Amino acid sequence: MESARRPGRGPIYPSPAEGGKHASLVVSVALPCSRRGNESVIQLDVDLPDRPGEFAKILRILAVEKINIDAMSANSGAGHSYVSLITDQPIKARQSLAKAGYECVQRTVLAVRLQDTPGAFAALARKLGGAGIDILSVVQLENVGDHVQLAISVDNMDVARRLV
């Protein structure tokens with residue numbers, strides 16, 4: 001049901017003048033995807049120079065290769081931009097970006113489906129933290145009805161899988 005999906009948006013962090021360490025805009029966009037339940041997905045993390053047009057370049061590379069972006073998160077600060085991508089062809093995407101000279105790290109993340117209620121993700125984060133698991137990144141995949149699906153990168157995937 002298309003109307004039940006809505007993109008997530010991250011916060012704008014305070015600039016140095018407002019007491020922040022650096023200016024950063026975090027944007028997460030979730031596009032329709034067909035993941036169900038809890039499963040593993042491949043996330044690509046790309047380090048970009050923080051200058052106009054760099055983000056457009058990697059998007060163009062993926063478009064030319066006919067690689068669809070299912071979800072992404074991007075932020076910048078301290079002279080670099082960092083983009084996390086979940087695509088329909090992660091291996092081809094990594095190879096295409098590397099061929100164009102972009103440093104790309106591939107990691108397996110856990111796609112987790114939670115109730116879309118206040119505290120649901122907090123409870124999962126507390127459970128993972130209590131087991132000694134560090135959450136490294138989170139990308140919102142989609143919202144459907146009363147559920148949200150997140151791609152969560154952790155430092156111990158085996159234990160995290162058993163807990164979710």
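These are my notebook entries on a predicted model of one protein chain.

**Conventions.** I number residues from 1 along each chain as its sequence is written, and side-chain values use heavy atoms, with hydrogens and water left out. In this predicted model, local features need pLDDT of at least 70 and side-chain atom pairs count only at pLDDT 80 or more, while totals for chains, interfaces and linings use all residues.

**Overall fold.** I looked up the secondary structure and found 4 helices and 9 strands (DSSP runs numbered from the N terminus: helices H or I, at least four residues; strands E, at least two). Along the sequence I read their order as β-β-β-β-α-β-β-α-β-α-β-β-α.

**Burial.** I noted that 39% of the 164 residues count as buried (under 20% relative accessible area, 1.4 Å probe, protein chains only).

**Strands β5 and β6.** I checked strand β5 (residues 69-77): 8 of its 9 residues are buried, so the strand is largely enclosed by the rest of the structure. I found β5 paired with strand β6 (residues 80-87) in the antiparallel sense over 8 bridges (two strands pair if DSSP finds at least two bridges between them). Asn-75 has Tyr-82 in β6 as its bridge partner. The hairpin of β5 and β6 has 2 residues between the strands, and there I recorded a positive phi near 55° for Ala-78.

**Asn-143.** I located Asn-143 in strand β8 (residues 135-144). Asn-143 is buried, at a relative accessible area of 3%. I also looked up its side chain, which makes a polar contact with the side chain of Asp-116 at 2.8 Å (a pair of N or O atoms within 3.5 Å; within protein, one must be able to donate a hydrogen and the other to accept it, and residues adjacent in sequence count only if both atoms are side-chain atoms).

Terms used: Buried means under 20% relative accessible area, exposed over 50%, partly exposed in between (1.4 Å probe, protein chains only).
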